[in-house]
Amino acid sequence: GRLVKGNPFSLTHDDYLVLEKEGRVVAYEGLMPFELSIRGAAVHALVYHDTMVDPALRGRGVGSAFVSSHLKRYPVFSLAVWMNAPNARVFEKCGWRPVEGIPTYARLYTLRGLLPARFSLAERPAGAGLALLYGLERLVRGNPGHRLAVYPVERFDDRADALFEGVKGSFCIIAHRGEKVLNWKFTDTPWSRFGRLVCTKGDEMLGYLVFKTRDAARGRRIATIYDFLCSPWRMDVFRALMYRAMDEIEKTGPDTLEVLCTDERFIRVLKGMGFVRARLNPGALKYAHEGPAGLPEGAAGAGGWFYTFGDGDRVFWDFD
C-alpha cells in the first residue's frame, strides 16, 4: 500500500497490472510512474519493479508476452530495477538493455562472513587490527566538516527541492530527489528506521545522506548508505556527510558498510576512505524505450547514471 499510495508521481495510485486465468491471478507487474532528469530536462518514466509469474506457467512464454504487452501499452522511457536472473533473461528477451557495471563499494570492519569457518580463530585479531586502523583514522581526520553543519532530521523539507534543481544538471541521468520523494521513501514508513542527515550552510541545504544498519545472514550486521546527494563539485560536503554517517554507524558495531555508487567523482572519495569495490550488480538496472534521439552518450554504462540503492524498490521491502 505505501509503495503505490505514497508515490507523488502516480495519478491513480493503483500501479500494478495483473494477468488472470480462470478467475485467479497468475502474473503481476509493478509499474511505478516516476520522473527522471536527463541532462537537466525532466522526463516522465515508468519503473518496472516487481515481477512475478505463477511457477506452474513458467517456461511457456507467459512472462515474455506479459512484459511485451506492457511495453506496447506504455511506450515511454522505462527502467527495470533489481531483476533476479530469471526475470532479467525475460526482460532482455523483450528487448531491454542492461546498464553494465553498477558497483557496490564496501568498507570492512570485521572479517565475519568472509573467512571460511575453519579460519574463525583469525577473525578476532584481524578485526582488532581493523578497529585500531579506523580508530587512528578518526584521530587523524578530526572533524572535516567543521565549517559545515551536519545533523539528523525527522523529515525533509522544501530545501531538498532546491538542492535537486540546483545539481541535477551536473549528472547525465538522475532520478528525481525532492521533498515528497525523499519523505515517501525514507520517512513515511512505520517499520524501517532510516538515519537521515543533512548538510547546511545558513538556510541552504548543501546535501543529504540516508543510512541504516540491519542484521543479515550468518550473524553479520550490514550498514548501508541508501541514498545521498550533493554537488559533485562539493566533495567537502560529501566527506562531511559520510564521516558523520560513519560516526553514527560505527556505534552499531557493523561488519560491513556498503554504498552503491556509479559517479566516478564520488567513487574517488570513497576509495580515499578505505572503500573497495565489492561486487558488480548485473541485474540492478535495465532500460527500454529510450526515445527517438536515444540516450546520451555513455548511458549504457554505469558512469552515465547517478544511481544508488534508494533508486530501486528495496527501500519498500527492507523491514527492521
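## Strands E9 and E10

Two strands pair if DSSP finds at least two bridges between them. In this predicted model, E9 and strand E10 (residues 204–215) meet that definition with seven bridges, in the antiparallel sense. Across this pairing, Arg 196 stands opposite Val 210 in E10.

E9 and E10 form a hairpin with two residues between the strands. Gly 202 in this hairpin takes a positive phi near 65°.

## E9 and its other partner

E9 also pairs with strand E7 (residues 149–152). The sense is antiparallel, over four bridges. Here Pro 152 stands opposite Leu 197 in E9.

How enclosed is strand E9 (residues 195–201) by the rest of the structure? Six of its seven residues are buried, so E9 is largely enclosed. The cut-off for buried is under 20% relative accessible area.

Phe 34 is found in strand E2, which covers residues 24–38. Its relative accessible area is 5%. Buried means under 20%, so Phe 34 counts as buried.

Which residues are in contact with Phe 34, leaving aside its neighbours within four places in sequence? The list includes Phe 9, Val 43, His 44, Ala 45 and Val 47. Also among the contacts are Ala 175, His 176, Val 181, Trp 184 and Lys 185.

Asn 7 gives a C-alpha separation for Phe 34. The two residues are 27 residues apart along the chain, and their C-alpha atoms are separated by 8.3 Å.

Note on methods:
Residues numbered from 1 in each chain as written. Predicted model: local features only at pLDDT ≥ 70, side-chain atom pairs only at ≥ 80, totals over all residues. Heavy atoms only, no water. Buried < 20%, exposed > 50% of the residue type's maximum accessible area, 1.4 Å probe, protein only. Contact = heavy atoms within 4.5 Å.
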